[in-house]
Amino acid sequence: MQLNIMIRKITIISCFWGLFVIPVFAQQVIKTDTSHFSTIRIDPANSAGGNVSDIFEKVNYIPLETTPESLFGSINQLEVLNNYYVILDYNTNAILIFNLNGKFHAKIKGRSNAHIYKFLINRWTNQIVYTADNYQNMTYCDLDGKVIKTEKDIDPKGTPIIYLNSYFISPDQLISYDQYRDLDTLSKYYQPYSRSLLRFGKTVHSIGMPYTKAETKIDVVSSGIGPLTTFGNDTVFFFAKPYDYTLYTVTPHAIKLTYKFVFPQQYALPSNFVSNPVYDLKRIAYIQKNKDLIFSLNNCYQVGNNLLFEASTYGSSQEDNLVYNLKSGNLIAYKHILPDEASWFLPIYDKVSSNFDNVGLAPCDGTFVYTSLSSLCLFKANEENKDKNVKLPVGLAIYFTKGSTKDNPVILQLKLKDSL
Amino acid sequence: MLTDMTTEYETCLGWYLKIFTFTLAIALGTVKVSAQKKDSVNVGTAKGLLRDSTHNYVMQATTVSIYKVETGELVSYQLSDNFGRFLFRQLPVDIPLRIIATNIGYGPVKREFRISQSTKTFDLKALNMDRLTVSLKEVVVSGAPPPVQMRGDTLEFNAGAFKLDTNAVVEDMLRRLPGVTIWNDGVITVNGKKINRLLVEGKEFFGADNKIALQNLPKNAVKKIQVYQDKSEPDPIETKTNMNIVLKKDKKDGYFGKVSGGIGTTGRYDDNGMLSYYSPKNQVSMVGALNNVNKTADNTNTLVSLNSFKGEGISNDYHTDFTKPGATVFKAAGFSGIHDFSHRDDNKPDTNRLKVNYFLAVGNNTVDQNIHTQIPLEDNGYLNQTTVNSSKFNYNGQAFSARYDKVFDHGLLNASYDFQHNTSSMLNVRSSTSIGNLATDQSYSYDEQGGNKATIFHAGSIKFTSHRYTDFGTNRNRSVEMELSYLFSVNNTNEENRRITDFNAADYSQDKHFNRRYLTASNNIDHLIISSFNNILGVLQKDPYLRTDIKNTLSYSERNQTDAVSDLLTAGSQYLPNANLSNHLNNRIINYRPGINLSKVIINALANRFRKTWNLSIFTEGQLFRQQNTAALQIQNLERNYFYFIPSAMIGYSNNQLGKFRKTYFLKYNTTVTYPTLQQLAPLVDDANVYFLNYGNIKLRPAYMHDLSFKYEYSTVEAKNPLQGDFNVTVGQTNDFITDSSYYDALGRSVYYPINVSGEKHASLGGYLQKAFKYKDHQFQVSGKSRFNYAQYPSNLNGINYDTKTNSWLLTADLIYTYKGLLTAQVGESFLGNNTSRIGIAQYKYVNWKTYSNISFALPKSVFFSTRMDFNKNISSNSNNIYYTIWNIDVGYRFLKGANGEIKLSGLDLFHQNRNVINYMNNNSITTGTVNVLQQYFMVTLAYYPRKFGLSKVEH
């Protein structure tokens with residue numbers, strides 16, 4: 001429960017490396033192309049609901065085998081890799097590997113007092129890569145949970161090579177996001193234009209979105225999955241710029257502004273929120289106070305004609321997880337979608353625990369989006385559905401007959417209809 | 001290059017904890033709230049569905065209320081379920097009903113319908129709700145507010161929706177709310193979860209006593225009652241729930257009070273006055289009391305709470321105390337004030353406030369005792385002493401205190417100042433006869449003591465606590481984890497006493513006569529410094545394996561005392577100084593306790609299933625104790641230095657199964673040292689105290705006690721029928737236990753002095769169990785409590801060692817039934833047993849059984865009635881069984897428009913049987929006897945409750 005409280009909803013990216021020196025002489029700056037983009041007007045208050053069968057083509061609940069060995073708390077990170085679900089659980093500090101029908105396959109156990117907060121996957125090598133020491137060393141494992149190697153993650157300049165928001169774009173190359181930092185600009189080591197939000201390469205060969213001395217006092221909070229997100233194509237990413245309602249498409253050699261969102265005034269940050277120095281080191285405090293303001297876009301995916309994202313605020317809202325259909329312009333609030341026969345009247349997000357608010361819809365593989373529900377939530381819903389005579393599919397029927405509220409969480413796999 | 005590798009995710013996590021607790025949904029949000037009335041005609045069913053059809057979704061957790069069209073009476077209400085559906089059962093049929101659905105941000109939906117007698121059901125189908133445009137959100141007020149609604153994570157009950165008597169108070173409304181239990185001990189639970197703090201407008205209301213708000217604030221002054229998670233004190237182990245009473249805009253200030261006068265038979269009187277004023281910034285109370293019916297209180301707030309508007313019923317503690325010995329006259333006046341300096345924001349209530357208190361109590365107490373003491377003597381059989389004691393005690397006490405509390409973002413400051421001035425005078429006349437086995441073993445004494453005492457006391461304290469936190473602007477740790485406090489006190493006492501003693505024995509040579517005067521002036525100064533630097537390794541290391549706290553407690557106290565004692569010689573008329581008792585003493589004590597506390601918390605949790613926590617700690621503490629005495633009388637010129645290692649250790653385990661139960665286990669080992677006082681080491685022995693001479697023992701050593709205790713607690717965390725209980729056991733032994741060695745002579749004179757003995761062992765066993773059942777408006781609470789204590793130790797009588805074994809057992813059980821706050825009934829039984837045996841000589845037993853029952857009944861705005869009956873049975877080994885019954889009745893009537901007027905007739909101790917039985921045992925003797933007590937009286941009381949809420953009308 002403590003972790004739930006702690007990780008709830010928002011993860012701050014705050015690896016404060018205190019690196020005052022990162023010379024960038026050899027690095028190329030990738031220009032951001034802002035020539036073509038779409039402007040999308042979103043009023044979350046006017047988002048629609050609907051029934052599960054109206055919105056989704058396919059809904060699949062995948063109970064995960066519960067044995068003493070495979071028992072875990074909640075799905076804090078989920079990835080799909082080579083026909084396996086790879087799951088990170090903070091409670092047991094373990095990465096668990098299940099096959100696609102939910103059968104337990106293997107487990108990577110973290111050491112006590114060395115917490116694993118995130119892992120990466122490498123689709124080219126089918127490896128799971130994680131750190132338990134704040135990105136000083138990276139451990140590479142295979143899908144059987146066997147350790148292949150442990151590598152030092154610090155380059156000769158003292159910079160971590162892989163860090164919090166890094167993705168593999170080839171067997172050995174990376175794209176990473178690095179956040180705004182509070183830098184000591186008076187230090188003799190400080191180099192103007194030495195910092196950037198994006199970095200390319202394992203040995204960084206290019207950077208994107210460099211920022212200036214004036215932008216070194218920006219305190220950032222980030223929520224859910226992001227600002228870099230992937231959705232099916234391993235070398236294409238969405239990048240949601242902090243405190244900005246813009247979505248860029250990032251590929252290994254290009255950064256392109258793709259979507260610009262406009263929100264109603266009462267939900268929008270001041271237009272000069274990033275540039276105005278009055279907010280320096282007070283931005284988090286400001287958004288904490290103004291709980292209705294959307295401070296970040298995260299969990300951004302594009303699946304066919306649908307654009308999925310979460311508009312995060314400090315307040316609680318039923319209209320935070322949104323689906324925007326690029327063709328019809330329809331806006332749907334995920335939390336307003338009503339369970340029906342298509343989901344066997346089972347909920348599509350966990351209301352009992354805080355996991356949905358922490359993690360949201362994640363991941364997206366270009367076809368499906370995933371989330372997870374606690375057994376407590378599903379059993380409760382099933383109990384309430386008793387009068388409905390729901391005909392459950394075999395897997396779920398067995399789960400409800402043989403399992404209990406103490407079973408492992410259940411993965412929910414969703415396929416959106418293309419025309420909404 | 002890596003100059004700062006310290007920042008890890010943990011820092012971030014600590015931060016979430018602070019800011020993200022607000023999103024934690026209280027379990028209440030998912031609980032279906034419904035309250036329906038059952039009746040033979042209420043057989044109809046109505047169902048429907050709520051939709052926002054513009055946006056194509058169903059309306060969840062929306063309030064649906066059903067009213068009777070004709071009267072507007074609220075019949076039933078509930079929140080719609082996850083599918084937007086609602087289903088009402090037991091609705092009245094064949095009458096017009098109105099359904100209203102409301103949700104924040106939406107316009108209300110109303111429909112009128114009638115459930116037909118034949119079908120008994122009505123389907124309202126889909127009701128469409130329309131979202132309000134943003135600009136209209138703030139100004140929507142239409143019709144009656146919904147009884148209950150969710151606003152974010154806060155559950156709100158709107159007072160306006162509950163039709164209660166116009167004079168109902170908040171407590172009456174709370175009893176109507178589904179899932180809310182008001183326990184007999186004042187605790188409130190909502191769906192099994194204990195309310196941590198009850199606030200009014202986000203602040204404490206006249207101190208921490210819930211009763212003042214619950215029983216005085218009229219329901220009509222309340223806008224709504226909010227239940228939400230406490231955000232100001234995020235507790236990572238267990239979240240806390242608060243209840244906040246929001247007052248109506250025009251009722252943000254007001255006053256309430258009581259003026260009453262009672263006159264009774266046998267010269268009894270009972271007068272009370274209380275007036276309290278509150279406003280958003282200030283809370284002020286004035287109280288006064290004057291009575292001779294054994295009603296006393298220690299402070300202003302107790303008197304405020306005892307004079308509440310709805311103070312009748314069995315929960316009223318302010319009844320005549322029939323167990324109090326003697327006749328008492330009590331007069332008191334008090335003032336209390338709280339000023340709030342804070343500019344409150346929602347997350348941090350009570351951040352900056354000053355509390356001031358003044359209390360004056362004047363009284364006298366007359367006690368007449370007849371007691372009989374039996375002392376066994378090894379071969380000579382028994383010594384019997386009969387004493388008639390009459391004492392008068394007058395006192396006048398004034399106490400002033402001021403407390404200032406300020407909460408900073410990462411720290412806490414508390415400062416206080418106390419002043420007390422007490423004067424008292426007493427006169428005690430005692431005549432005793434002691435009869436031994438032989439005719440010559442007889443003595444008689446007359447002892448008269450009188451005196452005056454005046455004390456002036458000042459004390460001040462300041463405490464500062466700070467917490468380590470991460471500054472997220474710069475992402476660095478700031479501040480330290482520490483507690484620092486300093487306390488001082490100065491106490492000046494002046495005492496003047498005189499004593500006349502005549503001791504006559506059958507053997508005239510033993511006769512003694514004293515006429516002695518005592519003048520004592522003493523001055524005490526105490527300083528105490530406490531520091532605790534917590535988690536010191538956390539400064540160097542992010543997540544140290546063990547938490548290390550360094551604790552230091554240093555106290556220094558100095559007492560200067562001058563005793564001038566003089567005797568009036570039989571022949572003369574002049575007092576001559578008594579050189580054995582006149583003295584000047586300077587006593588200095590240094591008590592220093594340094595220690596290191598090592599602790600570890602191990603958490604094993606699975607989300608949505610359980611949370612198991614191990615708490616381990618070892619506190620290695622040393623104690624340096626130095627006592628230095630400089631005295632004019634050589635005997636008291638002594639110095640003692642001690643050093644002891646006083647370790648303690650604790651293992652705790654808690655198993656919290658989400659939504660089911662919580663179990664905790666504690667195993668604790670503790671050591672304590674009791675140091676001999678100067679009075680035990682080298683007292684000045686007053687020979688005028690003929691029957692009891694207390695000598696010291698210069699060789700007395702400190703007593704070192706080891707205790708091992710185990711505690712088990714269990715509570716359910718289900719909304720329905722909460723159950724809680726605990727069980728605890730302690731065993732221990734004391735090395736060098738300090739006990740009495742006593743010598744009795746044949747004339748009944750005894751000499752005591754303390755000795756160290758080995759072989760003291762003690763044990764205790766206890767537990768309680770409490771359960772509530774709520775069914776509609778009926779509530780039952782069952783509770784039981786038991787405690788058993790055992791001790792054995794050697795003691796010495798007339799030079800021979802004996803093993804003394806004592807045990808006591810307390811057992812109570814009761815059942816309380818409440819109906820809507822109108823009727824409360826209680827039956828209960830208590831048992832108290834004491835047993836002392838000195839192996840080989842004597843065994844004493846004393847047992848008290850009490851069976852009690854209460855019924856109180858109050859019709860709003862008219863008649864109230866309450867009665868209590870106690871059946872007592874006393875069994876004692878050296879006297880006959882005693883039975884008596886105390887029966888009290890109150891009948892009253894409330895009149896005037898706001899029920900502000902009250903007339904009450906009381907009959908107390910109707911059977912005229914009250915007795916106060918004295919019964920006490922020590923390791924040598926048993927004493928039994930009687931004392932004068934308050935007995936039957938009848939009283940008529942008139943009371944007026946001045947009340948006004950909303951002094952200045954707010955312009956809207």
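How many helices and strands does chain B have? Chain B has 6 helices and 51 strands, where helices (H or I, at least four residues) and strands (E, at least two) are DSSP runs, numbered from the N terminus. The model is a predicted one, so local features are taken up where pLDDT is at least 70 and side-chain atom pairs at pLDDT 80 or more, while totals for chains, interfaces and linings use all residues. Residues are numbered from 1 along each chain as its sequence is written, and chains are lettered from A and ligands numbered from 1 in the order in which they are written.

Chain B contains 956 residues, and 28% of these are buried. A residue is buried if 20 or more other C-beta atoms lie within 10 Å of its own, exposed if 12 or fewer, and partly exposed in between, with C-beta atoms placed from the backbone. As for contacts, two residues make one if their C-beta atoms, again placed from the backbone, lie within 7 Å. Taking the contacts in chain B with a separation of 6 or more, 66% are between residues 24 or more positions apart.

B:Ala899 is not a glycine, yet its phi is positive, at about 55°. This alanine sits in the loop between β46 (879-895) and β47 (901-908) of chain B. B:Ala899 counts as buried because 20 other C-beta atoms lie within 10 Å. B:His912 also isn't a glycine and has a positive phi of about 55°. Its place is the loop that runs between β47 and β48 (916-921) of chain B. B:His912 has 13 C-beta neighbours inside 10 Å, so this histidine is partly exposed.

Another loop residue of chain B is B:Ile95, found between β5 (85-92) and β6 (96-102). With 15 C-beta neighbours inside 10 Å, B:Ile95 is partly exposed. Once neighbours within four places in sequence are left aside, B:Ile95 is in contact with B:Lys68 and B:Arg114. B:Gln420 lies 325 residues away from B:Ile95 along the chain, and 67 Å separate the two C-alpha atoms.

Turning to chain A, there is an open sheet of 3 strands, in the order β5-β27-β26, with antiparallel pairing. Its edges are β5 (56-63) and β26 of chain A, each with a single partner strand, so one side of each has no neighbour in the sheet. On average, neighbouring strands here are turned by 20° against each other, direction ignored; axes are lines fitted to C-alpha atoms, for helices over the stretch in contact, and angles run from 0 to 180 degrees between N-to-C directions. Pairing of two strands calls for at least two bridges found by DSSP between them. β5(A) and β27(A) run antiparallel and are joined by 7 bridges, and A:Val59 has A:Leu414 in β27(A) as its bridge partner.

Helix α5 (residues 375-384) of chain A belongs with this sheet. A:Ser375, A:Leu376, A:Cys377 and A:Leu378 are buried in that helix, and the buried residues of α5(A) pack against β26 and β27 (410-416) of chain A.

A second open sheet in chain A has 5 strands in the order β1-β17-β16-β15-β14, with mixed pairing. β1 (28-30) and β14 (165-168) of chain A form the edges; each has a single partner strand, so one side of each is left without a neighbour in the sheet. Neighbouring strands of this sheet are turned by 30° against each other on average, direction ignored. Within the sheet, β16 (residues 195-200) and β17(A) run antiparallel and are joined by 5 bridges. Here A:Phe200 has A:Ser206 in β17(A) as its bridge partner.

There is also a hairpin in chain A. Strands β10 (residues 119-122) and β11 (residues 127-130) of chain A pair in the antiparallel sense over 4 bridges, with A:Tyr130 in β11(A) as the bridge partner of A:Phe119. The hairpin has 4 residues between its strands, and A:Asn126 takes a positive phi near 55° in it.

Lastly, chain A has cis peptide bonds to report. One joins A:Gly226 and A:Pro227, with omega about 0°; A:Pro227 is in the loop between β17 (206-211) and β18 (228-230) of chain A. Another joins A:Ala362 and A:Pro363, again with omega about 0°. A:Pro363 lies in the loop between α4 (355-359) and β26 (369-373) of chain A.
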